[in-house]
Amino acid sequence: MSRSPGPAGATATLDATPEAAVAAQVRSTLEAVFEAVAETRADTTALLARVAAQGRRPATADLAALRPGLHLRLTRRELVSGAGFVAAPGLLGDVPAWLEWWQQSSDGGVRPLLLDLDPAHSAYSDYTHWDWFALPRDTGQRAVAGPYVDYLCSDEYSLTLSVPVHMEGRFVGVAAADVYLRHFEGTVVPLLQRLPGAAYLVNARGRVAASADPGHLAGSLTRGPDFASVLSAARSMRFEEMRLVPCDGVPLVLVTPAV
């Protein structure tokens, strides 16, 4: 095992361990969802480029061209329960804000998300403060937000995976996909239970995304380590009594007891 400097208070290690193997499997699970998100981003940037070539601003009617691809991702991609493009305020010419968002319905079909996006109304749904929008906007990186109760879409406990969308260097919104927490836990908790110590996964803000540790329940916060720095360093680290293993490209950190 070799060691290298890491963020303050942490020691980085390079090794092949059971923890690293589980982190790689978690990465593989979520990378399939991020692939769907990347497809939405590609469709969106191509659409916006076509509209710009016509010398006009995009409108909500233009975003309807994204729907065939979104419907396919919802019906053919495992774990994906909702998908779409969320426009930055001011991008569209006919409305102040917009979500071109579709989700699975109980009968196996798909349905649109309909929200009040008029800032003049009391029911206005301001999405710009949510982590799934703010993190990609502010960092330029992919994000895993939650778990949280998704009051905007499904009222389900969910994770949202998102990436920024840029046009000519300007942030224009995010492409994203929802994953119900119960589906994510069903896939990754058995992996966590294989490890010798109580293990859990956290996002860049330290929020627990899935857990096999009764002391760290999904949705709770883990304080102390700088998880964003662990993800940036892309190396396993030890912080006090915790071992921190980044999931190699997916913004989650596996946390286990240090031994």
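Where is the place of valine 259? I looked this up at the outset and found valine 259 in the segment after strand 13, where helices (H or I, at least four residues) and strands (E, at least two) are DSSP runs numbered from the N terminus.

**Entry 1: ground rules.** I am working with a predicted model, in which local features need pLDDT of at least 70 and side-chain atom pairs count only at pLDDT 80 or more, while totals for chains, interfaces and linings use all residues. Residues are numbered from 1 along each chain as its sequence is written, and side-chain values use heavy atoms, with hydrogens and water left out.

**Entry 2: the whole chain.** I noted six helices and 13 strands in the chain. Of its 259 residues, 49% count as buried, a word I use for under 20% relative accessible area, with exposed for over 50% and partly exposed in between (1.4 Å probe, protein chains only). Taking contact as heavy atoms within 4.5 Å, I found that residues 24 or more positions apart account for 52% of the contacts with a separation of 6 or more.

**Entry 3: the end of the chain.** Valine 259 is exposed, with a relative accessible area of 96%, and its C-alpha atom is separated by 8.5 Å from that of methionine 242, which is 17 residues away along the chain. I then turned to threonine 256, which is found in strand 13 (residues 250-257). Threonine 256 is buried, with a relative accessible area of 4%. Leaving aside neighbours within four places in sequence, I listed the contacts of threonine 256 as Glu19, Leu195, Ala198, Ala199, Glu241, Met242 and Arg243.

**Entry 4: the nonpolar cores.** A nonpolar core here is a set of buried Ala, Val, Leu, Ile, Met, Phe, Trp, Tyr and Cys residues joined through side-chain atoms within 4.5 Å. The largest one has 49 residues, of which Val26, Leu161, Phe184, Leu201, Leu252 and Leu254 touch the most other members. Helix 1 (residues 18-53) gives the most to this core, with 11 residues. Apart from it I found another core, of 14 residues, among them Leu99, Tyr127, Tyr148 and Ala176. I also followed leucine 201, whose contacts beyond four places in sequence include Val26, Phe184, Val188, Cys247 and Leu254.

Entry 5: I traced an open sheet with the order 5-4-3-8-7-6 and antiparallel pairing, two strands being paired if DSSP finds at least two bridges between them. Which strands stand at the edges? They are strand 5 (110-112) and strand 6 (143-149), each with a single partner strand, so one side of each is left without a neighbour in the sheet. The twist averages 20° from one strand to the next, with axes as lines fitted to C-alpha atoms (for helices over the stretch in contact) and angles running from 0 to 180 degrees between N-to-C directions. Within the sheet, seven bridges join strand 3 (residues 80-87) to strand 8 (residues 170-180), and glycine 84 stands opposite alanine 176 in strand 8. On strand 5 I checked arginine 111, which is partly exposed, with a relative accessible area of 37%.

**Entry 6: helices on the sheet.** Helix 1 lies across strand 3, strand 6, strand 7 (157-167) and strand 8, running at about 35° to strand 7. Helix 4 (residues 131-139) also packs on the sheet, and its direction makes about 140° with that of strand 8. I recorded the buried residues of helix 4 as Trp132, Phe133, Ala134, Leu135 and Pro136, and these pack against strand 3, strand 4, strand 6, strand 7 and strand 8. Just after helix 4, glycine 140 takes a positive phi of about 75°.

**Entry 7: helix 1 with helix 5.** How do the two helices pack? Helix 1 and helix 5 (residues 181-192) pack at an angle of about 170°, with their axes 10 Å apart. They are therefore roughly antiparallel to each other, the cut-offs being under 35 degrees for roughly parallel, over 145 for roughly antiparallel, 65 to 115 for roughly perpendicular and oblique for the rest. On the helix 1 side I see Val22, Gln25, Val26, Thr29 and Leu30, which meet Phe184, Thr187, Val188, Leu191 and Leu192 in helix 5.

**Entry 8: a hairpin.** Strand 11 (residues 236-239) and strand 12 (residues 242-247) pair in the antiparallel sense over three bridges, with methionine 237 opposite leucine 244. The two strands form a hairpin with two residues between them, and glutamate 240 in the turn has a positive phi of about 50°.
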